[in-house]
Amino acid sequence: MKCIYHPGYQVALPPSHPFPISKYPLLRDLLLAEGVLTPADLLEPEPLERNVLELVHTAAYLDKLEASLLSPPEQRRLGLPWSESLWLRSRLASGGTLLAARIALACGLSGNLAGGTHHAFADHGEGFCVLNDVAIAIAKLRAEGAIERALIIDLDVHQGNGTAAIFDGVPEVFTFSMHGERNYPVTKMRSSLDVPLSDGAGDAEYLGLLDRHLPDVLARSRADVAFYLAGVDVAAGDRYGKLALTEDGIRARDRRVIEAVRRHRMPLAIVLAGGYAPTRTRTAELHAHVFREAVAYELAQQP
Ligand SMILES: [Zn+2]
């Protein structure tokens, strides 16, 4: 399976910062060490140019980012200290999601070893999300005429509020979010389908709800491409998650999504979204499951 990675996905953050930025190279190293991916499977993205970002984000917001003019309150809302390398990283990761979608359209399945920054709105960033990579990829592919309709399956534990707001009133893009009802963001936006989860939800409750809704979501979306935000902050013990999925539960979730989407013959682009396990290595280990499952699915399809 061809996947997208760039060394620039990792940028310097203060040592005490809660965002596990080193999970990106750790995940790449893990997938290569296990043989899930080979070096030849990894492609490097280009940073997206302003004219592509403008398909989703406002000129005023992009002006601020380009000129490093985010105010201290705006940086606090973003949750990341601003830097030139963070700006490049945000455009690289968005380029990675667009490239993964292009490969998915050509080959069926691909992934970006980053992305899923679903809290980014058209006019501001928040919750560690600068640019909304999935929204940008969909807008670009629609503008080119490569796709008409898209589906976003957002299983990060936090609601994809930026994504929901960006595609509110766009019937060609179906936004599906399963998330902790009492978790961030406090004010939820309206997705095409929101499935709230109670604190402490475990494998049975979670997978039961996914099984109940996923077939209907796939049918209703009539999408030309699907994006899967495979956030692992649903795991028991996650710093921000408040849910209680086991590792087996996460792996079962990932397998269900991949199988269901591909059985519908929809191209699928996988992106990481969040994960805040007790260690960065553990976070990378949990993120690896969706790629293990995707490669296993592809192998099982070969004659
Ligand atoms: Zn999250």
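Student: Which residue in β7 is the bridge partner of isoleucine 153?
Tutor: The partner of isoleucine 153 is tyrosine 228 in β7. This is a predicted model, in which local features need pLDDT of at least 70 and side-chain atom pairs count only at pLDDT 80 or more, while totals for chains, interfaces and linings use all residues. Residues are numbered from 1 along each chain as its sequence is written, and side-chain values use heavy atoms, with hydrogens and water left out.

Student: What makes β4 and β7 a strand pair?
Tutor: Two strands pair if DSSP finds at least two bridges between them. β4 and strand β7 (residues 225–229) have 5 bridges, in the parallel sense, and therefore meet the rule. The strands themselves are DSSP runs of E with at least two residues, whereas helices are runs of H or I with at least four, each numbered from the N terminus.

Student: With which strand does β4 pair besides, and which residue stands opposite isoleucine 152 there?
Tutor: β4 also pairs with strand β5 (residues 173–180), in the parallel sense and over 5 bridges. Isoleucine 152 stands opposite threonine 175 in β5.

Student: Why is the unit made by β4, α7 and β5 called right-handed?
Tutor: The term applies if, with the strands pointing away from the viewer, the path from the first strand over the helix to the second runs clockwise. β4, helix α7 (residues 161–166) and β5 make a β-α-β unit with that hand.

Student: Why is β4 described as largely enclosed by the rest of the structure?
Tutor: A residue is buried if its relative accessible area is under 20%, exposed if over 50% and partly exposed in between, with a 1.4 Å probe and protein chains only. In β4 (residues 150–154), 5 of the 5 residues are buried, so the strand is largely enclosed. In a regular strand the side chains alternate between the two faces of the sheet. Accordingly, Ala150, Ile152 and Asp154 lie on one side of β4 and Leu151 and Ile153 on the other, and all are buried.

Student: Why does leucine 229 count as buried?
Tutor: Leucine 229, found in strand β7, has a relative accessible area of 1%, so it meets the definition of buried. Contact means heavy atoms within 4.5 Å. Leaving aside neighbours within four places in sequence, the contacts of leucine 229 include Ile152, Ile153 and Asp154.

Student: Is serine 22 buried or exposed?
Tutor: Serine 22, in the loop between β1 and α1, counts as buried at 17% relative accessibility. Residues up to four places away aside, serine 22 touches Gln10 and Arg280.

Student: What makes tyrosine 9 and tyrosine 24 an edge-to-face pair?
Tutor: Rings of Phe, Tyr and Trp (its six-membered ring) pair if their centres lie within 6.5 Å; planes under 30 degrees apart count as stacked, over 60 as edge-to-face and the rest as tilted. The structure holds 8 aromatic pairs. In one of them, tyrosine 9 and tyrosine 24 are 6.2 Å centre to centre with 75 degrees between the planes, and are edge-to-face. This pair links distant parts of the chain, 15 residues apart: tyrosine 9 is in the loop between β1 (3–4) and α1 (23–34), and tyrosine 24 is in helix α1. Both tyrosine 9 and tyrosine 24 are buried. Ring pairs also join them in a cluster with Tyr5, Phe19, Phe128, Tyr240 and Tyr276.

Student: What makes the radius of gyration of the chain agree with that of a compact globule?
Tutor: The radius is taken over C-alpha atoms, and the globule rule is 2.2 Å times the number of residues to the power 0.38. For 303 residues the rule gives a value near 19 Å; the chain has 17 Å, which agrees. The C-alpha trace spans about 50 × 45 × 40 Å along its principal axes, and 58% of the residues count as buried.
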